[in-house]
Amino acid sequence: VLVLEVVREAVEAARRAGADYADARFVSEESETLTVRNQEMEGIDRSLSQGVGIRVLVNGYWGFAATARTDEAEIDRTGALAVSIARAASRLPMEPVRLAPVQPVTAEWRTPIQEDPFTVPLDEKVSLIMEASRRMQEVDGLAFAEANLDFYRRSTSFVSSEGASIEQTVVNSGGGVEATAISGGDVQRRSFPNSFRGHIRAAGYEHIRSLGLLEEAERVAREAVELLSAKDCPSEKTTLVLDSNQVVLQMHESVGHPLELDRVLGMEEAYAGTSFVRPDDRGKLRYGSDKVTIVADSTLPGGLGTYGFDDEGVPAQRVTLIEDGTFQNFIASRETATVVSSPLAGAMRADGWQNLPLIRMTNINLEPGEGSRAEIIGDTKDGIFMTTNTSWSIDDKRVNFQFGCEAAWRIKDGKLTEMYKNPNYAGITTDFWRSCDAIGGSEEWVVWGTPNCGKGQPGQAARVGHGASPARFRDVQVGVR
Amino acid sequence: MPGLIGPDEVRATVEAALDLPGADGVEVLFLHEWNGLTRFANSSIHQSTAREDTGIRVRVISEGRVGVASSNDFTKDGARRAAASALEMTEVAAPDLLFPGLAPKAEAPEKPGAFDEATAFSTPEQRAEAVATLAAQPDRDFHAAGAFETSAVEVAVANTEGQFCYAPTTQASLNTVVSGGRSGSGAADAAETGMGDVDAEEIGRRAAAKARDSQDPRELAAGRYEVVLEPPAVGTMASFLAYMGFGGRTIEEGRSPFSGKAGEKVCSEMITISDDALSPLTIGLPFDFEGTPKQKVALIDQGVFRTGVHDRRSAKRARAESTGHALPPPNPEGPFPLNLFLATGDASMEDLIASTTRGLLVSRFHYSNIVHPIETTITGMTRDGTWLIEDGQIKHPVRNFRFTQSILEALSNVELIGRESVIASEFFFAASRVPALKISSFNFSSASDH
């Protein structure tokens, strides 16, 4: 109740200073991070950050100001500062911002969890990753055996001058292992369940217990060592089967970002860039093959983009972006939906209290097809299978991409054969998605987390989710040198 | 109201964390930042923000075990709570056998002129006026996007060894992309300690000229070309080389292209790279995040790799001294050089272009990433102005290329070095000061459609 009073006062302060519209968020973010390397503690870290962000519209111009202090005088000052920032923005004329209507609600929402990760004893967490590290170290030739756990809780109280009053708590839990082998100037790495600190979900500690870190530790370590003696991925045009954790990266970079409507409208031009997709492409552009259906879904259980309401009070939504290969909808905010008539995606999110909400991916999901990974590989005469992302690069309109993975295997007559190191592949976004001729079924479909999606100035990191199965693409350039 | 808290009040508050029963050692990193950012697109101001935050990061050592806790509650109670939380974590942590101890008491050098009052207390109206000046430079059918940020930061490090160092700094950064016409864009930027040194009109004019000159880019086959890299593109290469190679921990662990190569030639003898946060020509703190005074470090001297940078931990492993390059704890990445200098040559930009028989002029790179860390191979795209040079003359703009290129190979093929350097990239207190380079062979692996 006290926190809600602070945000109500923030909205009132902004209104008194002259805001036509105001919303305010009090956000409290807590995190706990544990990292072990070679059974030594690399870091055990807790953080807490809280404050208030106030967003205003004055004569159709945005202003935003944020402060970590919540005394009345500071809230008044910050509200007035947001208004003065909006007034200063009118120095250059523009079409006034209009907001698509949304029903203001009073609501509460929490990530459903079974076991609060912040109450699980620290020594239990440390024991788990120490043991995972120990099991990796049993493999000869391994240089580094790293294991980590990450926990995150974000509590938000949102109030708008339209009458919305929303309290939410989001909880994320994640963990992983990473094995590094070094020999003769070569460094090779294998991770499980995913690279960049593992598999993160909107879930409690029950997710950590389900990961199988101990069971997979030795295999991961062995593969890292084996990569040292593997050949480099050959340079050729071939059939490419991607594991679901790499389909996720492919979708993130070449579907999610180019369909953010703020990018399409040039609002991110100077930093992340724009998009090759135009508003009049809706219903026409063949983005992918008819097997490709991709949705933005913040109602999906377990995704890092799962919540009750976004940071401008829009309820979680499921929006079809690409249906049977044809582009249908953008990821839109209240502002951009009035510029290019679009369904609201409930996708405006801010990194903490101190940043302005931006259009962010929610959970961008490739709808499942049929069959297991083994069946897709079994149905492939000759090709390459790649897993687990290491590297990503794509141009400023999201057309030309090149992505790297940890490991690859030659597919020969439906079987995985020789292992390759340093695999990568490159292509053109729509050519690549149009070449998709197989997507794995729901039994292979995994909701992965990407906790470090960058966008905006000042830079903001978003936690986004992606559901995907393994998928097959034809005539892809692999082994780019 | 934003304003400097000052060393006396900082010291008084962090004392509450340092005075921790049960701890063998405590270190507090204090950061107070306030900034304003005026963001523009389509030649209008569409997203502008201001924020203020004060944070502390407490590292506690107890019986050889280390815990870290951070909080933005900058009160004595907040400091005590963070310290207690860090102490609680030491109780479950395994002993850190390599813990090097806290930084000893040492005087950090002064860096005069690092804090500019006008920048610290700039207003939204001042930033908007600068943006309006910039946006007035392009022709009618072009538009400008970008951001003008002014920020002020106070940083202090205190520990139970008696070390206390404190420094206030400011930074003003203005960047823009001008685009439009039939198709084409140009970029320009500047980062300075004081906003008075940021010339919005010149930045707008420079980007507008590039946008005009990059209209109707033509398709050109990918392949190896001679290349003239403007400083922003060189800055990308310098930053990635630092990330992959210059950290003492990375070198010691055999993960760096420079592991075991001290004293060996690694690139052209024309290349000299150092790190020097104390130089008045860069934006940087005079001490690191452990409280060790910064030292100038010669990394590559006339093509020969000399040494990496160290924090206290990597220094202990390497039986060396910390060079003052620690990042904030817990920092599993190890030390990092934040203030690189690539030594200038004597060529003008015109000389670099005139020396090129058939090659490309690249304004900057976009969204680059590592392909192979030991080979120092990265990939990325060109952006905002790429031109074909033939017989020493700029012929016409070309569509953007993807490059996949070893940085050390490129630095081995340097033919000429520009005589002027600029701060070409900046992130998290980092700023690389680099000139333009002419390189005899650079691998453009594919092309885009714009």
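**Entry 1**

I started with the crossing of α2(A) and α4(B), which is right-handed. The contact there is made by A:Leu81, A:Ser84, A:Ile85 and A:Ala88 on the α2(A) side, and by B:Pro124, B:Glu125 and B:Ala128 on the α4(B) side. I sorted these contact residues by type and got five nonpolar, one polar and one charged. A reminder to myself that this is a predicted model.

Next I looked up the geometry. Two packed helices are described by the angle between their axes and the distance between the axes.

**Entry 1: chain B as a whole**

I then stepped back to chain B, which has 10 helices and 17 strands. Its C-alpha trace spans about 70 × 55 × 35 Å along the principal axes. I checked the radius of gyration too: a compact globule of 450 residues would come out near 22 Å, and chain B has 23 Å, which agrees. Of the 450 residues in chain B, 64% are buried. I also looked at contacts in chain B between residues at least 6 apart in sequence, and 73% of these join residues at least 24 apart.

**Entry 2: B:Leu4**

My next stop was B:Leu4, in the segment before α1 (7-18) of chain B. Leaving out neighbours within four places in sequence, I found B:Leu4 in contact with B:Trp34, B:Phe115, B:Glu154, B:Tyr166 and B:Pro168. I also took the C-alpha to C-alpha separation of B:Leu4 and B:Val422, which is 29 Å in space, for 418 residues in sequence.

**Entry 3: A:Glu42**

A:Glu42 sits in strand β2 (residues 40-58) of chain A. I had it down as a charged side chain, and its relative accessible area is 11%, so A:Glu42 is buried. What does A:Glu42 touch, not counting residues up to four places away in sequence? I listed A:Thr35, A:Val36 and A:Arg37 from chain A, and B:Arg249, B:Arg313, B:Pro330 and B:Pro332 from chain B.

I placed B:Pro330 in the loop between α8 (312-317) and β11 (340-342) of chain B.

B:Arg319 also lies in the loop between α8 and β11 of chain B. I noted its positive phi of about 50°, although B:Arg319 is not a glycine. With a relative accessible area of 81%, B:Arg319 is exposed.

In chain A I found a cis bond from A:Gln457 to A:Pro458, with omega near -5°. A:Pro458 belongs to the loop between β22 (446-455) and β23 (460-468).

A:Phe196 is not a glycine, yet its phi is positive, about 55°. I recorded A:Phe196 as partly exposed, with a relative accessible area of 41%.

Notes:
Residues numbered from 1 in each chain as written. Chains lettered and ligands numbered in written order. Predicted model: local features only at pLDDT ≥ 70, side-chain atom pairs only at ≥ 80, totals over all residues. Heavy atoms only, no water. Left-handed = near helix turned anticlockwise from the far one by under 90°. Helix = DSSP H or I, 4+ residues; strand = E, 2+ residues; numbered from the N terminus. Contact = heavy atoms within 4.5 Å. Rg over C-alpha atoms; globule rule 2.2 N^0.38 Å. Buried < 20%, exposed > 50% of the residue type's maximum accessible area, 1.4 Å probe, protein only.
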